[in-house]
Amino acid sequence: MTDFCDVSRNPDYVVLSEHKLPPRYSKYLDSVDSNYYTISKCEPQNNNELYGKAGIAIMIKKSLMFNVQELEIASSRIVALECKVNTHERVYLVGAYLPADNNIEMYKDELSLLQDFYNCYSKYGYVVMAGDFNASCLETDNGRCNFYKSRELRNFVIRNHFSHTMSGSAAPICNYTFTGTHSMLDYILSDTHMYNALISYEILDEGTISTTSDHLPIIAVFRVQNTQHYLIESAAGKTPAWHKISKELIQKYETEIGKQLETKWVMTYRKLCLK
């Protein structure tokens, strides 16, 4: 991940599928790169289990933290964000790790949650869904992937007019992401608006970066103007390094400011009453 998040690539968001961290180590990803903070979900664990499984996370550049809000979704396999691009536009980013086993009903349940999310939030902005879908949208992968799961995924993509950038001028040279069977299980699905804003879509070849995963990373670049927040030097000295602060400290800061404002309002109200 350090190689992937270096300055030359400089991604705004990184979706991590199957991080396999147990709940007690969920904050570990915050230490991967000091320029990012992480919103993560872990698979529920029994007390006697030593290691985690599954898991999904999105790493977010700290300079964008005031533009991003996590959205609730009732699954340990899906993380959803509202990303405020500007005053009028929103991009809804979803990270997903869908079931890897052959339980088709469980797979349908997770797809149904993604469908509900799209039905709701596509009314308010643009939608991008990324991650390991553990099924293929490509007919050429028939025989290498679960047929029934792949059929459900293809119907989901077609129904919502998603583009998986495996055709047309944006198609990458490499045509697989899972090295075990050379099949395409990982996607960055984008709606029509975001697909039209796509600049490049790249699947990194094996050995490009140091990794122990049997899945290849994907990099998609969209033409979207994010509003970033930078540390500005003032004449009086340094201002607070907001881009380095944790979510917990931000919440504490908001609570304290709220108390002070409430107290100040009450005192002002009393003065007005006395007058």
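Good morning. I begin with Asp214, which is partly exposed at a relative accessible area of 38%. On this scale, buried means under 20% relative accessible area, exposed means over 50%, and partly exposed lies in between, with a 1.4 Å probe and protein chains only. The model is predicted, so local features need pLDDT of at least 70 and side-chain atom pairs count only at pLDDT 80 or more, whereas totals for chains, interfaces and linings use all residues. Residues are numbered from 1 along each chain as its sequence is written, and side-chain values use heavy atoms, with hydrogens and water left out.

Asp214 sits in the loop between β9 (198–203) and β10 (218–222). Helices (H or I, at least four residues) and strands (E, at least two) are DSSP runs, numbered from the N terminus. What does Asp214 touch, not counting residues up to four places away in sequence? Its contacts are Thr177, Phe178, Thr179 and Gly180, where contact means heavy atoms within 4.5 Å. From C-alpha to C-alpha, Asp214 and Thr179 are 5.5 Å apart in space, although 35 residues apart in sequence.

I turn to the sheets. Strands of a sheet pair through backbone hydrogen bonds, either parallel or antiparallel. Two strands are taken to pair if DSSP finds at least two bridges between them.

Leu16 has Ala57 as its bridge partner in β3.

The other open sheet that I shall describe has 5 strands, ordered β4-β5-β6-β7-β8, and its pairing is mixed. Its edge strands are β4 and β8, each pairing on one side only. On average, neighbouring strands of this sheet are turned by 20° against each other, direction ignored. Strand β4 (residues 68–71) and strand β5 (residues 78–84) run antiparallel and are joined by 4 bridges. The two form a hairpin with 6 residues between them, and Gln69 has Glu82 as its bridge partner in β5.

Finally, the helix. Helix α2 (residues 147–159) has 13 residues and spans 18 Å from its first C-alpha to its last, close to the 18 Å expected; the expected span is 1.5 Å times one less than the number of residues. Which residues of α2 are buried? They are Lys149, Ser150, Leu153, Arg154, Phe156 and Val157. These residues lie on the same side of α2 because they cover an arc of only 160° around the axis, the arc being that of the directions from the helix axis to the C-beta atoms. Their cover includes α1 (104–121), β7 (126–132) and β8 (186–190). Just after α2, His161 takes a positive phi of about 55°.

Technical notes
Axes are lines fitted to C-alpha atoms, for helices over the stretch in contact, and angles run from 0 to 180 degrees between N-to-C directions.
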